[in-house]
Amino acid sequence: MKFPVALYLVPGLVGLDLAAKIWALGALDVSDPAIALMPGLSLKLAFNSGVSFGFFSGSPFLVLIVTAVLVLALTIWFFRTSSSLDALALGCIIAGAVSNLADRGVHGAVTDFLAWGPRDSPFFVNNLADIWITAGVLILFGGPMLRSIGSRRPKTAK
């Protein structure tokens, strides 16, 4: 499982996110109103020089360094794990982190374009890389929980 994740999934997710960010930079403008896609989701260009919800936005160099160290630590964990589920989860997290790291390195901030919540005042704006990271964290921590719930089911009589 690690080989396909490392060879196909991670580069594919990084490429998809960076392509979406390039598209957003060309098609959207920060001053434009949000474009509704469906209730609760719209397109709105924004930049985040910090991490989630703008935390540490005053320290972009520190964010860049810490993110790079975390990517290295996650990559080591990825190659050491024997769990296919953990490899998948870590691959998603690494892909999102690498993509945001590359974007931050080039633009000094992460390009966000998916606005969640009311169109005129969204709760937050993120990007595909953030979705990859969230999915990876859910798989990493939710997977063992689901396995333990499944193993506690009563056995049916044959």
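Analyst: A residue is buried under 20% relative accessible area, exposed over 50%, and partly exposed in between (1.4 Å probe, protein chains only). By that rule Phe78 is buried, at a relative accessible area of 3%. Phe79 is exposed, at 54%.

This is a predicted model: local features need pLDDT of at least 70, side-chain atom pairs count only at pLDDT 80 or more, and totals for chains, interfaces and linings use all residues. Residues are numbered from 1 along each chain as its sequence is written, and side-chain values use heavy atoms, with hydrogens and water left out.

Now the part to look at closely: the sheet. The order is β1-β2-β3-β4, and the pairing is antiparallel. Find the two edges. They are β1, residues 35–38, and β4, residues 124–126. Each has a single partner strand, so one side of each has no neighbour in the sheet.

β1 pairs with β2, residues 41–48, in the antiparallel sense, over three bridges. Two strands pair if DSSP finds at least two bridges. In this pair, Ile35 faces Leu43 of β2.

Next, the helices. Helix α1, residues 2–27, packs on the sheet and touches β2 and β3 (contact means heavy atoms within 4.5 Å). β3 covers residues 110–116, and the direction of α1 makes about 80° with that of β3. Helix α3, residues 84–107, lies across β2 and β3 as well. α3 runs at about 120° to β3.

Check the length of α3. The expected span is 1.5 Å times one less than the number of residues. For the 24 residues of α3 that gives 34 Å, and the end C-alpha atoms are 34 Å apart, which agrees. Just after α3, Gly108 takes a positive phi of about 80°.

At 1% relative accessibility, Lys21 counts as buried. Leaving out residues up to four places away in sequence, Lys21 touches Ser99, Asn100, Asp103, Val110, Thr111, Phe113, Asn127 and Ala129.

How values were computed:
Helix = DSSP H or I, 4+ residues; strand = E, 2+ residues; numbered from the N terminus. Axes fitted to C-alpha atoms, helices over the stretch in contact; angles between N-to-C directions.
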